[in-house]
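Hello,

Here is the structure I promised to pass on.

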Amino acid sequence: MTIRVKKFTPEVLLSAPRRSSAIPNEDGTLALFTTSTYSFTSHSKTAEIKVLNISNGQTTLLSNDSNASEPTWLGWKNEVLWLKRGEKGVTSLVLADAENVTKSPVTVSTFNGSVSNLKLAKLDSETIALAVTGLATPAGNLYNEETAEKPKSTARIYKKLFVRQWDAYVTENKSSIWYATLKRRKGQELLSLEAPGLRNALRGHSVSLESPVPPFGGSADFDISKGGLVFVAKDPKLDPANHTKTDLYHIPLKTFTESEAPSPIIVKTGTLRGYSSGPVFSPNAKSVAFTRMKSDQYESDKPRLLLVPDILDPNNVSEFYSTEDGKGSWDLRPETITWSRDGSELYVTAEENGRGKLFKLPSSPRFASKLPTAVINDGAVSEVKVLPDNNLLISATSLVENSIYYLLDPSSSTKTVTISSSSKAGKSFGLYQDQIDEFWYSGAGDYSVHAWLLKPSNFDKSKKYPLAYLIHGGPQGSWKESWSTRWNPAIFAEQGYIVVTPNPTGSTGYGMELQNGIRNQWGGRPYQDLVKGFEYIEKNLDYVDTSRAVALGASYGGYMINWIQGQPLGQKFKALVTHDGVFSTLNQYSSEELFFPHHDFGGTLWENREGYEKWDPARHVKNWKTPHLIIHNELDYRLPIAEGLAPFNVLQTKKIPSKFLSFPDENHWVLKPENSLVWHNEVLAWINKYSGVEQEQQEGLQQSISDLRL
């Protein structure tokens with residue numbers, strides 16, 4: 001029986017259980033996953049570790065300890081390790097049995113600091129290699145925030161960039177990778193962490209490296225196997241605020257008990273000098289696949305799929321689908337990489353036409369003569385694991401489904417078999433696949449633009465609905481057929497809007513020409529694409545009332561809302577919403593990652609001031625007229641809060657209906673459930689007031705009361 005909510009509201013969205021990807025055991029019968037749930041009744045969060053039976057979809061609770069996280073199969077029987085936060089800043093390594101959930105978990109070891117991103121690799125029948133990440137002090141020791149000596153002064157002094165990044169000021173403590181081994185003697189049940197214990201892999205080298213790479217680096221930044229440790233790190237010789245260059249390194253650990261790790265060996269990639277990411281060892285621990293961008297000043301350059309056939313020969317690197325002009329014949333952006341069990345194939349996720357697809361290709365560039373074949377074409381794939389029978393266990397989402405696990409036989413079919421759907425294909429939320437539509441329209445140039453469209457679940461084709469026009473951030477980003485707890489189109493649709501989410505110039509997943517077309521064109525081609533999209537809706541969708549339209553956007557989308565406010569299109573909306581946007585492009589140097597404006601605006605401010613000024617929303621404030629909600633958070637160091645205060649000052653001074661919302665404890669995103677609920681309620685109240693939806697809801701409520709009386 002499926003329990004359905006009466007209406008998909010912000011409370012439902014934010015309190016729905018959030019599941020991790022499913023990770024199978026060695027024999028492919030069970031899978032681990034976590035869930036976290038927030039209650040607006042108790043105002044508290046619960047966290048669980050569960051075991052999924054892959055054959056029948058049944059789940060069993062393994063732990064409801066809210067401090068437990070990152071469950072990982074040990075590789076012996078069905079034993080599981082996880083990390084547990086403890087008092088005074090420590091982290092414990094805990095062992096449990098997925099087949100005997102009544103057996104109490106035991107602590108294997110405790111680390112004096114906060115560690116995460118647990119990875120394991122079997123070295124032999126008695127030994128498991130372990131790696132975690134955590135902050136290291138300047139001396140190379142594990143940092144413990146709670147027990148560290150507090151400075152007598154709050155002064156911060158910097159001689160180089162970064163000063164701060166994303167939502168935190170840079171400190172002397174740096175991210176590092178730590179390794180150790182776990183041992184179980186033959187015939188013994190006891191598992192032990194072997195001497196010398198947890199060691200810092202990046203300590204004591206002639207080159208100072210940091211990995212994972214802040215601010216978003218995690219488990220995808222490194223991998224371990226019998227072949228040692230591979231990881232990505234920024235080039236320490238370059239200014240990180242002005243260059244994206246991250247290199248792949250190999251540390252040839254042989255036993256993972258070395259008291260000092262061997263020196264990192266750089267993997268050379270010729271003219272490719274941008275971001276490196278996602279290194280993954282092959283099943284035989286000999287080869288490594290990863291991606292790397294070409295430009296070291298373009299954070300959204302196309303990642304190239306690369307192979308190191310033998311990690312002991314780091315100068316021999318091959319690129320898949322390379323061409324003489326350097327552009328590459330595969331015009332998509334490979335993301336995550338998974339090896340087949342025999343090492344002959346790769347499964348690669350990449351975005352295409354608003355979908356997070358899964359592709360299959362040979363694992364050697366020599367045999368990859370044809371472009372990759374898509375084996376999953378719909379939704380958004382988040383994790384791929386290969387089972388012993390070579391079937392794929394896939395974790396994914398869609399616009400109506402917040403978590404689904406399914407099986408796929410990649411050798412014979414693209415038909416999937418669902419194991420577990422968290423929301424029963426959206427039905428638990430009262431959402432349905434037939435609410436989703438899409439269309440293409442002619443853009444500002446000789447190209448087409450793709451847009452998603454969501455209708456209310458109670459859609460009546462004889463009625464007209466106001467338009468909610470959502471503009472994505474990035475700007476090199478897109479609206480995809482995926483779930484989100486921050487900008488979920490269904491939330492707006494269920495208020496009574498037709499939601500259109502266009503992917504104009506600058507969007508990813510439609511080829512690099514469309515994506516790169518935004519350079520020096522921030523308020524140009526993308527704006528014209530949005531105008532043409534609005535005109536298409538006016539002419540072709542008779543169930544949309546564009547006279548009651550509203551527009552909303554965050555980050556670059558917030559920039560575009562501010563730009564639209566001063567342009568003719570702004571007069572066609574009843575209300576606007578800017579979340580953490582750009583008020584003036586001349587303020588880009590108050591940000592942190594300076595390579596971004598240098599690329600998108602064609603140089604530095606002193607080299608190309610005209611390019612920055614040309615697309616500056618602040619130049620057009622005299623035209624601002626539309627009611628406008630501004631949201632900006634105090635921990636947003638990507639776009640500091642002055643970028644939100646300034647437009648609000650303009651709106652208030654011009655007597656334009658306006659409101660300002662800010663969270664002192666949030667960054668570029670609003671992540672805390674209670675704050676997110678306020679965000680949603682304020683945004684919906686604002687657009688509903690000016691679109692007429694508020695009046696419709698009140699009239700509907702009054703009619704319901706009258707019907708009850710009758």
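Helix α4 covers residues 525–540, and at 1.5 Å a residue its 16 residues should span 22 Å; the end C-alpha atoms are 22 Å apart, so the two agree. (The expected span is 1.5 Å times one less than the number of residues; helices, H or I of at least four residues, and strands, E of at least two, are DSSP runs numbered from the N terminus.) This is a predicted model, where local features need pLDDT of at least 70 and side-chain atom pairs pLDDT 80 or more, while totals for chains, interfaces and linings use all residues. Residues are numbered from 1 along each chain as its sequence is written, and side-chain values use heavy atoms, without hydrogens and water.

Among the buried residues of α4 are Tyr527, Leu530, Phe534 and Ile537 (buried is under 20% relative accessible area, with a 1.4 Å probe and protein chains only). The buried residues of α4 pack against α5 (556–565) and several strands, including β37 (544–554).

The axes of α4 and α5 lie 11 Å apart at an angle of about 75° (lines fitted to C-alpha atoms over the stretch in contact, with angles from 0 to 180 degrees between N-to-C directions). α4 is therefore roughly perpendicular to α5, a label for 65 to 115 degrees. Pro526, Tyr527 and Leu530 of α4 meet Tyr556, Met560, Trp563 and Ile564 of α5, contact being heavy atoms within 4.5 Å.

Elsewhere, four strands make an open antiparallel sheet in the order β21-β22-β23-β24; strands pair if DSSP finds at least two bridges between them. Its edge strands are β21 (276–281) and β24 (318–319).

Best wishes

Terms used
Buried means under 20% relative accessible area, exposed over 50%, partly exposed in between (1.4 Å probe, protein chains only). Angles under 35 degrees count as roughly parallel, over 145 as roughly antiparallel, 65 to 115 as roughly perpendicular and the rest as oblique.
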